[in-house]
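Work through the exercises below with the sequence and the model at hand. Each task is followed by a solution in steps.

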Amino acid sequence: MTMHCFVTGTDTGVGKTLVSSAMLSSLAASGLRAVGMKPVAAGLDLIDGTWRNDDVERLQAAGNVEAPLALRCPYLLRAPMAPHLAAREEGVHIALQPLLSAYAQLARQADAVVVEGVGGFRVPLADDFDSADLALALGLPVVLVVGLRLGCLNHALLTAEAIRARGLVLAGWVGSAIDPRMLALDDNLQTLRARLDAPLLGVVPHLASPEAALAARHLDLRALRSTAALAA
C-alpha cells in the first residue's frame, strides 16, 4: 500500500518534526519504504563545512529510503525566518513546480512520503503562494500537529477549518505536549476530540530526549492508514 501525507501544525515550534519523524519511524518499522520531505527549510548551521538543517536531518534519519537532498528539501535557506523573507534575502524565488516535481520523484521511490510543512498552515512561501497552496497542489491527506498549550483550542479549530475549506482531508491529528505545565491537559484533549472530527493518532508527551523511536510509541497510525487510503 501507499500512504503519503502532509503534516502541518497549529504554529511553529509545536513538534511537527518530532511527530513527522515518529511517523516515519513507525511506517519504516511496519515494512514500508518511508521517506520524509521538507519542501522548504529555513535556518542552517555550518557543520564540518556543510550547511545543514536539523529538521531535514532528523527526517532523513527516521526513514529508510536513501534519496538526494535536492528531492528531500528543494529549498534550503540559511536565515531562520519566514521562508519568503529568507528566500528574498538570498535572492531565491521559491516556486511551486520544483516542489511538486521533487515530491513526485520521491513518491515513485517510496510507499510513504511524509511531507512536513513550514510553521503553521498559512505560512507564506513566496509572494504568490503559501503552505496551504502547496498542500492543495499536492492533494494529500493532512495530519495536524496540535501544540498543547494555552490557546491551542482556537489554533487547532481554525487550522482544521482552513484545511477543510480547501477541500483537503483532515486525516488525523496528534497532540504534542510542548508545555509540560499546561493546566487541564486532559480536558483540552477531550474538547479537541469532540470538535476536530478527525481521528486522534496519539499524544506525544514532553520527552526529555525527543527521539523519533520514543515518540513513535505514542502513535497509532491504523486510523491514518484507512483515512489516507480513502482520501487517495
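**Exercise 1. Find the residues that line the largest cavity, then sort them by element and class.**

Step 1. The largest cavity is lined by P39, V40, E116, G117, V118, L125, S131 and L134. On a 1 Å grid over the protein atoms alone, a cavity is a set of points where a 1.4 Å probe fits but cannot get out, and lining residues have an atom within 4 Å of a point.

The model is predicted: local features need pLDDT of at least 70, side-chain atom pairs count only at pLDDT 80 or more, and totals for chains, interfaces and linings use all residues. Residues are numbered from 1 along each chain as its sequence is written, and side-chain values use heavy atoms, with hydrogens and water left out.

Step 2. The largest share, three residues, belongs to β7. Helices (H or I, at least four residues) and strands (E, at least two) are DSSP runs, numbered from the N terminus.

Step 3. By class, the lining has five nonpolar, two polar and one charged residue. Here Ala, Val, Leu, Ile, Met, Phe, Trp, Tyr, Cys and Pro count as nonpolar, Asp, Glu, Lys and Arg as charged, and the others, Gly among them, as polar.

Step 4. The volume of the largest cavity is about 40 Å³, and the structure holds one cavity of 30 Å³ or more. A volume is the space filled by probe spheres set on the points, with grid points joined across faces, edges and corners.

**Exercise 2. Describe the largest pocket.**

Step 1. A pocket is an open set of points with protein on both sides within 12 Å along at least five of seven lines. The largest pocket holds about 390 Å³ of space. Its lining has 22 residues, and T12, G13, K16, K38 and D55 are the closest to its centre.

Step 2. The lining counts eleven nonpolar, six polar and five charged residues.

**Exercise 3. State how α1 and α2 pack.**

Step 1. The axes of α1 and α2 lie 8 Å apart, at an angle of about 15°. Axes are lines fitted to C-alpha atoms, for helices over the stretch in contact, and angles run from 0 to 180 degrees between N-to-C directions.

Step 2. The two helices, α1 and α2, are therefore roughly parallel to each other, a label for angles under 35 degrees.

Step 3. From α1, T17, L18, S20, S21, L24, S25 and A28 meet D55, R58, L59 and A62 of α2. Contact means heavy atoms within 4.5 Å. This contact divides into five nonpolar, four polar and two charged residues.

**Exercise 4. Which residues of α5 and α6 meet?**

Step 1. The axes of α5 (residues 96–109) and α6 come within 11 Å and cross at roughly 45°. As a result, α5 and α6 are oblique to each other; oblique covers the angles left after under 35 degrees (roughly parallel), over 145 (roughly antiparallel) and 65 to 115 (roughly perpendicular).

Step 2. L96, L99, L100 and Y103 in α5 touch L134, A137 and L138 in α6. The residues of this contact are seven nonpolar, no polar and no charged.

Step 3. L134 of α6 also lines the largest cavity.
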